[in-house]
Amino acid sequence: MIAERWINCAVIAGILAVLVYALVADEPFTITLLTRVVILALAAVGLNIALGIGGLVSLGHAAFFGLGGYAMGVLASHAQTFTPLDLGFFTLPGTKSMPIIWLVAVVVSALAAWVIGLLSLRTTGVYFIMITLAFGQMFFYFSISWSAYGGEDGLSIFVRNSFPALNTLVPVQFFGLCFVLLCFALLLFHRLKASPFGLALNAARQVPERVETVGLNPMRLKLVAFVISGAITGLAGALFADLNRFVSPTMFSWQLSGELIILIIIGGVGRLMGPVVGACLFVALEHWLGGLTDFWHVWLGVILLMIVLFARGGLIGLLTGKEGAHV
Amino acid sequence: MTLLLLIEQVLNGLQFGVMLFLMAAGLTLIFGVMGLINLAHGSLYMVGAFAAAAVAGATGSFLLALVAALAAAALAGALVEIVVIRRLYGKAHLDQVLATFALILIFSEGTRWVFGSFPLFLDIPDYLSGPVTLPGGIEYPLYRLALIIVGLLVAAGLWWLTARTRIGMQIRAGENDREMIAALGVNISALYTLVFALGAALAGLAGALVGAIQSVQVGMGEPVLILAFVVIVIGGIGSIKGAFIGAILVGLTDTLGGIFLPELFKLFMESGAATQTGSALASMAVYILMGLVLIWRPTGLFGARA
């Protein structure tokens, strides 16, 4: 059996190898696909903090992904039409600057996660799953009926937003930005998991009573995890919107929440690189199976069933021969 | 804004509510007895609608179509239970969510494979079409009235089945203590298959009935499924009474909110903005209702356990 450390290195090396190949062979589309992998992985790393360490099965993380996306869409659309953004008490100019958009996306989705978390964490188990699902749907229907920003048709942003000293229109430069952010998120996940906070959170997942007995508040631990998790997924949403130069209510769809969980499960729950492995495999399947047949979702479904029924630790679990955390 | 319109909208809300109940009853029964969260319930709704549309297209009989919907959904439910669901009892909720999510993918794309992407249409039979005049001079579509009556009859039948029959007694016993009733000689795995098929049949019936007012298409089950989740969360998971009351509440909130919230905002806002704000808020009204219920009672109105 292979140590997880080596698998982790191999995954990063693999992504960079594909990048080098795409650069040499001059295939910008492959770089775009790879960027998609990295952004989906980033969203799933966010979810992995809540799901993998905290055991919070959130079926509504698309809410944060979509909020991040719309943060970008709203700001950039105001910048592109040169109209100020009216917030009731004061107005703000729109912006095309990525760092500002990222900041807004993170803050907005963290706030949303805080509110949703406060309400949802009162419940556990199936109730929690269904409530997060319902909150996700709430944002979905709101975005459809919000005609000021495109409603059901979504919102197109014509030119990709800018980052100081970089030309984000070049695929590899935008990929680099996303990749660096993913690495930061992975580092955060790694540090968080080993920190006192992560250990307490892990314990709160397994035996909340004992955590409470030693004087910690399991509810607060889970809420903080949920907020961090939502913020990272929101950041990924802003990047995803920038990749497609388009935001629409599908970013809020519950299928997306389901797919984020799938990414984690394919790779391995609660593992550092689980989401990355899952995202690679998911996009590869989407690309290759989607090229072979229009009905590739059937096969995705079959593969997923097999993993759930027979390979509990996900792909990394299969390779290392160790089951993952029980959620 | 007249009284007539109000009554008509209340009836519409009631009709939506009882159809939601058919979905929610199966979900809540399956959760109550087997402890299983079934995302694929919406797929069974879709299977029922497609079976009905196909049979109605071939034979022209609406009744035969309903029978086909019940049979196809029950059969699909039993099959899925035996092949997949049976392995998920007692597993983590996460596994159940994923496995049933996988089933949705298989069902949806499989149906698209067989029937294509274009929606099918199921016609309301002649003897149920047209309006009917209710006492008070209200004109109301006969078919929608029939849906309300069917829904109420099914609700009464379910109550009778669980409260008054031997099989219902076993179902309730299974909710409380599965080892004990297995020890008493009840074939628990056959009982589980039966409960699952019953829930599936109810979903299929709802799909066929609603399919006649809307179009029959792939993915039609998921929006209803999510509302059914809201219903059982409000009612308390596992409680059929809760599912009924929750379904009526959600049906009324959704229908009346869509009509009256924009009107309400027009009282103190200019017309365009009022319609905008009102309809946006109306689309979220159901979820706000759920949030309020949960703040008040975290396990729903009639739920005993989480």
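Two residues are in contact if their C-beta atoms, placed from the backbone, lie within 7 Å. Keep that in mind throughout.

This is a predicted model, where local features need pLDDT of at least 70, side-chain atom pairs count only at pLDDT 80 or more, and totals for chains, interfaces and linings use all residues. Residues are numbered from 1 along each chain as its sequence is written, while chains are lettered from A and ligands numbered from 1 in the order in which they are written.

Start with the contact between the chains. Chain A gives 40 residues and chain B gives 38 residues. On the side of chain A that touches chain B, the elements giving two or more residues are α5 (125-145), α10 (254-267) and α12 (296-310) of chain A. Helices here are DSSP runs of H or I, at least four residues, and strands are runs of E, at least two, numbered from the N terminus. The largest share, 15 residues, comes from α5(A).

Now chain A itself. Its secondary structure comes to 13 helices and four strands. The C-alpha atoms fill a box of roughly 55 × 50 × 40 Å, taken along the principal axes. How much of chain A is buried? Of its 327 residues, 50% are. Buried means that 20 or more other C-beta atoms, placed from the backbone, lie within 10 Å of the residue's own. Among contacts in chain A with a separation of 6 or more, 75% join residues 24 or more positions apart.

Last, a helix pair in chain B. In α2(B), B:Ser43, B:Met46, B:Val47 and B:Phe50 meet residues of α4(B), including B:Leu103, B:Ile104 and B:Phe107.

Methods:
Buried ≥ 20, exposed ≤ 12 C-beta atoms within 10 Å, placed from the backbone.
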